[in-house]
Amino acid sequence: MAMIGRSRERHRLDELISAAGRGHGGALVLRGEAGIGKSTLLEYAVRGAPGFRTIELSGSEFEKELPYAGLHQLCLPMLGHLDELPDRHRDALRVAFGMAEGAPEPFHIGLAALGLMTAAARTQPLLCLIDDAQWLDAASSAVLPFLARRLVADPIAMLVAVRPGPGAGVPAGLPVLTVGGLTDEQAKALLTARSPFPLDDQVRDRLVAEADGNPLALLELPRAGGFEPPGAAPVPDRIEHGFRARLAGLSAPARLLLTVASADPTGDSGLLWAAARHLDLDLGIAGAEASATGLADFGPRTRFCHPLARSAVYRAAPAGQRRAAHGALAAVTDPVMAPDRRAWHRAQAAAGPDDDLAADLERCASRAQSRGGVAAAAAFLERAAALSLNIEHRAERTLAAAEAHFEAGATDVAVKLLQTVPLNEVQHARADLVLGRVAFVRPNDGSGPVLMAQAARRLSATHPDQARDCYLEALEMSLVVGRGGGVLREVLAAAPVSSEPDLLTGLRTLVTDGSHAATPMLRTALHQGGDPLWEQRPALAAMVAVELWDLETHATIAAWLVKAGRESGSPRLLQLGLGQTAVDAVVSGDLGRAIAAAAEEAAVADASGAPPLIYHRLHLAAHRGHDAEFARLATPQVTNLHATAATLYNGLADYPAALAAARRATENNLFLTGAVLPELVEAAVRTHDHAAATEALASLTEHAEAAGAAAGRGIAAYARGLVTREEKHYQEAVELLAEGRLATYLGRAHLLYGEWLRREGRRRDGRRQLQTAYDLLSRAGADGFARRAANELRATGERVQPRTQSPHEQLSMQETAVARLVAGGATSLEIAGKLFISKRTVDAHLRSIFRKLGLTSRRQLRDHPGLHE
């Protein structure tokens with residue numbers, strides 16, 4: 001039957017499917033209230049894609065707690081391609097679906113699912129339909145946008161139908177088509193064509209007014225046997241009322257059968273009939289009577305006529321009947337193949353506390369956690385706590401549930417849970433830690449340090465080591481989420497004084513007594529034998545290494561984090577490692593490596609559903625002199641905001657702005673002072689603030705001498721030259737920095753020396769230094785400082801040859817990453833795995849790279865100057 005109306009919606013679907021058929025895939029979100037016609041549009045898409053293979057997924061309100069249940073439903077028809085995936089991706093998917101033991105890697109699960117889809121689409125275009133996405137489990141919901149954003153180079157069309165409302169957000173970055181109601185004329189035409197009852201004009205007009213353009217309401221309200229005044233209840237509620245009206249007059253066995261069907265989200269008819277037999281139902285009689293309502297089709301797979309019909313049946317059943325249905329389903333569910341689903345049915349069947357069942361649910365939580373289903377683990381633990389008769393067990397499970405909810409991003413739920421049970425002092429400390437972590441991730445909530453310090457005080461008498469660890473946890477957390485500014489000093493001020501020469505004491509000493517006293521303790525903490533600091537506190541370790549100018553250790557930490565992140569499957573470690581790699585590459589002058597690391601970090605964030613890190617991208621933008629990009633990224637909470645702003649403005653020769661930023665950085669931060677002090681000296685000298693320059697130089701000299709590293713001493717030397725205007729200090733800076741790998745700072749040392757020489761009237765000598773500076777800074781991509789060198793060269797009378805545009809300036813961030821990987825010999829499949837995109841997308845990037853760089857082959861790319869891995 002032809003669809004009435006919806007010309008705009010049909011046109012968008014036709015465009016999407018046509019483009020996918022030509023190899024230009026994409027996704028579209030259909031958003032609208034229940035019954036508005038989203039499912040009908042999905043059916044239209046199937047009819048409009050006759051050459052496509054269709055795979056379907058429907059979210060279930062009663063299966064949201066089972067990790068990857070939705071993704072498993074989507075991938076099930078494509079599992080024949082599982083052996084075509086790389087081993088790591090195949091194993092990740094098998095673990096996620098419970099087909100193998102182990103811990104899955106969340107950002108490899110998405111890539112594995114993408115691999116299945118692209119493999120299935122090689123012989124036939126693919127149409128993926130996801131209905132009721134608001135009811136998908138959290139693990140599947142995190143994978144969905146990852147998949148949808150990576151279809152541009154594959155013959156795959158994805159349609160996602162979702163209801164508006166809490167917890168039903170649209171996957172970020174996807175186009176949305178809002179599905180509205182029918183016009184009055186369209187509604188009348190639909191009633192004329194589809195109503196099972198003859199209607200006179202007055203009844204028809206009343207139905208049209210009451211349905212408010214909702215097609216399902218138009219067809220279901222007459223079945224309800226009467227009407228309500230318009231606006232008396234939301235239209236979906238009135239549709240459910242219509243479905244419930246069909247239950248009137250049914251026998252108890254038929255209603256129980258429908259209740260069992262509504263309680264089983266799998267639609268497995270074998271399971272339904274087994275449960276019915278367990279309840280001693282006469283399948284022939286009860287099944288025929290239930291089928292006659294039209295609410296459900298009891299075929300090879302049990303299907304309700306609409307998700308609202310399933311909800312209506314389940315909610316209409318008395319509590320005892322629902323428990324009986326779940327009890328029967330638990331009894332016939334395989335405890336080996338589906339232990340979690342069985343335990344969940346048992347939990348729903350429970351009428352009161354049951355310690356054995358609570359322990360079973362706790363085991364389910366452990367399995368869910370090992371499979372990456374943190375949200376599912378939280379749900380299992382919350383239900384286990386509610387069923388716990390033992391008070392101590394209830395408190396422990398509630399705490400564990402709150403911690404899991406926090407890890408899953410449900411911070412409000414975590415906070416509410418912690419208010420429900422009495423806790424002892426140690427448990428209160430754990431609760432404070434959770435509340436502190438919640439505060440750290442909430443914008444404009446500054447209570448995190450106070451709560452974590454409170455946790456430490458609760459533990460100080462009985463668990464002193466754990467108490468000190470609470471302070472370190474607060475410091476680490478502030479750095480991981482990029483909110484170290486101000487927090488570091490606040491936490492350390494609350495920490496107790498101790499004679500132990502450990503990391504916490506070293507950090508306190510840095511605040512109270514300065515670098516000379518603190519450096520030996522910090523260096524010892526950083527290199528503590530076979531148990532290096534970065535394996536426990538990676539963010540703190542990286543910051544300590546920078547503070548000590550120990551750049552070799554910083555590079556080691558970055559490499560370890562990347563390796564550990566890849567091996568463990570931890571997105572957090574991998575993101576942190578790639579961010580530190582980008583920072584190391586910036587100061588080393590390897591712009592391509594910095595951009596590639598930043599691109600991979602963004603890909604990991606997108607693949608895992610985590611927010612991307614900002615600090616290294618700010619560092620990169622400041623280094624390149626890209627003030628517009630810097631302004632776009634800057635947020636007040638970012639730890640290195642003011643320090644990197646000072647670098648940016650010095651490069652752009654906006655010295656008053658650089659001085660203001662540098663002052664704010666040194667006032668509010670414990671770390672990064674060593675890195676920002678040379679910026680403060682330079683900006684103060686250029687703005688003729690001699691007192692500020694002298695004071696900053698004294699602090700910088702203390703830092704550099706305490707650390708003893710050539711890099712720090714070299715940078716302090718050129719800062720000293722700015723203040724004293726003595727040539728020997730510039731010469732010392734060039735000599736010391738030439739020993740290391742800090743190409744950017746070496747270039748700046750030559751720039752400052754050349755500027756001083758020109759102002760002293762020594763143009764020829766200055767020209768040599770400035771030309772070296774221009775070459776070094778240009779190659780490093782430090783465009784702001786390179787422009788300063790070019791301007792100084794012109795002032796000496798030298799013509800500045802326009803430099804050849806580097807490939808990094810012609811390519812996007814992701815294209816730069818692809819180009820460097822190809823130049824290093826990686827295959828398209830290897831690149832796809834590293835950047836979490838499909839092989840066809842890699843090949844599409846390559847075509848763009850070849851076009852932009854005027855190349856025709858991978859061999860030419862490998863030989864291209866400026867591209868190397």
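**Close-up 1. Ile130 finds its bridge partner in Val160 of strand β4.** This is a predicted model, in which local features need pLDDT of at least 70, side-chain atom pairs count only at pLDDT 80 or more, and totals for chains, interfaces and linings use all residues. Residues are numbered from 1 along each chain as its sequence is written, and side-chain values use heavy atoms, with hydrogens and water left out. Strand β3 (residues 126-131) runs parallel to β4, and the two pair over five bridges. Pairing here takes at least two DSSP bridges between the strands; strands are DSSP E runs of at least two residues, and helices are H or I runs of at least four, numbered from the N terminus.

**Close-up 2. β4 also pairs with strand β1 (residues 26-31).** That pairing is parallel too, over six bridges. Look for Ala27, which sits opposite Met158 of β4.

**Close-up 3. Strand β4 (residues 156-162) is mostly covered.** Seven of its seven residues are buried (under 20% relative accessible area, 1.4 Å probe, protein chains only). In a regular strand, side chains alternate between the two faces of the sheet. One side of β4 has Ile156, Met158, Val160 and Val162, the other Ala157, Leu159 and Ala161, all buried.

**Close-up 4. Helices α18 (residues 374-386) and α19 (residues 391-407) cross at roughly 160 degrees.** Their axes, lines fitted to C-alpha atoms over the stretch in contact, with angles from 0 to 180 degrees between N-to-C directions, come within 8 Å. The helices are therefore roughly antiparallel (over 145 degrees). Contact (heavy atoms within 4.5 Å) involves residues including Val374 and Leu381 of α18 and Arg394 and His405 of α19.

How values were computed. Angles under 35 degrees count as roughly parallel, over 145 as roughly antiparallel, 65 to 115 as roughly perpendicular and the rest as oblique. Buried means under 20% relative accessible area, exposed over 50%, partly exposed in between (1.4 Å probe, protein chains only).
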